[in-house]
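Dear colleague,

Please find the structure below, handed over for your records. My notes on what was found in it follow directly after.

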Amino acid sequence: MSLVIFTALVGFFIAPGHVHPVIAFTSILCIAVGAGASGAMNMAYEGDIDALMSRTANRPIPRGRITQSEAMAFGLILSFFSVMTLGILVNWLAGALLAFTIFFYVVIYTMGLKRWTAQNIVIGGAAGALPPVVAWAAATGSLSMEPVLLFLIIFFWTPPHFWALALFRNDDYARAGIPMLPVVAGPDATRLQILLYTVVLVAVAVAPWPLGYFDAIYGVTSLVLGAGMMWLAIEVYRHREGKPAARATRRLFAFSILYLFALFATLLLEVVARAVVPLIG
């Protein structure tokens, strides 16, 4: 959730033009509420499997603090008001994209992909990659290549991030009957996929710099962070048993969060620098 909101915030503020602070606040709030609504409906639908996994067993529904029907109603109400508020007060392109994001996460990913294909994270990752696109549309009323690049970065980041988690939570997913890649194809095939997706991720993340969309500060940062991601992905591929393997996957999972945050934080700093330098000059 934190990364979803932060990437949306960055997508909003790197968009061209000036937006009234109230519109900016409303846009980010609606995206945050829409993301929360998606999470509520996801947990409502998955209450049965959440109870079987140690990572999710303490969520409100498995603990009996909230019923599945209450959570679903709460998520639907939040979804409706977040989409309508964004559409009416900001613009309908952003509202429609937010509605599609919620639909994709809840219906396509949660109800469809997650329980029947090992590619659930790959395809479903599109939902988590859309918030910067929604935010850009809220700021400009249109779309362009920059938000598409942000989308692609998050899209290709998602598989190595979540497959690293799935490797050291493999027993959880197997017990719940979720066909995550390590459960279906095995840990070694998952390690290879993590490495391959990391190669693509690093290339995609660096590409906006030579293409002229983002500045050199971002380019150098993406190279340094990309080298860290590659090294950790190689470590995951190399270490296949025992404590070294567990340590490698946990380190990649933790670093991947820092990687995405730092990339988008750099874009935000570039926007601030562009605004401050003319004032100093």
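Arg-191 and Asp-188 both belong to helix α11, which spans residues 187-206, and they sit three residues apart, about one turn of the helix. Helices here are DSSP runs of H or I with at least four residues, numbered from the N terminus. This is a predicted model, in which local features need pLDDT of at least 70 and side-chain atom pairs count only at pLDDT 80 or more, while totals for chains, interfaces and linings use all residues. Residues are numbered from 1 along each chain as its sequence is written, and side-chain values use heavy atoms, with hydrogens and water left out.

Salt bridges

Arg-191 and Asp-188 form a salt bridge, their closest N and O atoms being 3.3 Å apart. The term denotes a side-chain nitrogen of Lys or Arg within 4 Å of a carboxyl oxygen of Asp or Glu. Arg-191 is buried, as its relative accessible area is 5%, whereas Asp-188 is partly exposed at 41%. For these classes, buried means under 20% relative accessible area, exposed means over 50%, and partly exposed lies in between (1.4 Å probe, protein chains only).

Asp-188 also meets the side chain of Arg-240 in a salt bridge, at 3.5 Å from N to O. This pair links distant parts of the chain, with Arg-240 in the loop between α12 (216-238) and α13 (242-280) and Asp-188 in helix α11, 52 residues apart. Arg-240 is partly exposed, with a relative accessible area of 32%.

Arg-175 is partly exposed, at a relative accessible area of 48%, while Asp-172 counts as buried, at 4%. A search of the whole structure finds seven salt bridges.

Helix packing

Two packed helices are described by the angle between their axes and the distance between the axes. The axes are lines fitted to C-alpha atoms, for helices over the stretch in contact, and the angles run from 0 to 180 degrees between N-to-C directions. Angles under 35 degrees count as roughly parallel, over 145 as roughly antiparallel, 65 to 115 as roughly perpendicular and the rest as oblique. A crossing is left-handed if the near helix is turned anticlockwise from the far one by less than a right angle, and right-handed if clockwise.

Helix α1 (residues 2-13) packs against helix α2 (residues 21-45) at an angle of about 150°, with axes 10 Å apart. The two are therefore roughly antiparallel to each other, and α1 passes α2 in a right-handed crossing.

Helix α2 also packs with helix α4 (residues 68-89): their axes come within 8 Å and cross at roughly 155°. This pair is likewise roughly antiparallel, but α2 passes α4 in a left-handed crossing.

For helix α6 (residues 120-129) and helix α8 (residues 145-168), the axes come within 8 Å and cross at roughly 130°. That angle makes α6 oblique to α8. The crossing in which α6 passes α8 is right-handed.

Individual positions

Ser-38 is found in helix α2 and counts as buried, at 6% relative accessibility. Its C-alpha atom is separated by 25 Å from that of Phe-255, and these residues are 217 apart along the chain.

Ser-142 lies in the loop between α7 (131-140) and α8. Ser-142 is partly exposed, with a relative accessible area of 34%.

Nonpolar surface

Tyr-45, Phe-100, Phe-103, Val-107, Ile-108 and Met-111 make a nonpolar surface patch of about 480 Å². Patches are made of residues with over 30% relative accessible area and no salt bridge, like charges being joined within 9 Å and nonpolar side chains (Val, Leu, Ile, Met, Phe, Trp, Tyr) within 5 Å. The accessible areas come from the Shrake-Rupley method with a 1.4 Å probe, and for residues only the protein chains shown count as cover. Helix α5 (residues 92-113) gives the largest share of the nonpolar patch, five residues. Phe-100 lies in this helix and is partly exposed, with a relative accessible area of 42%.

With kind regards
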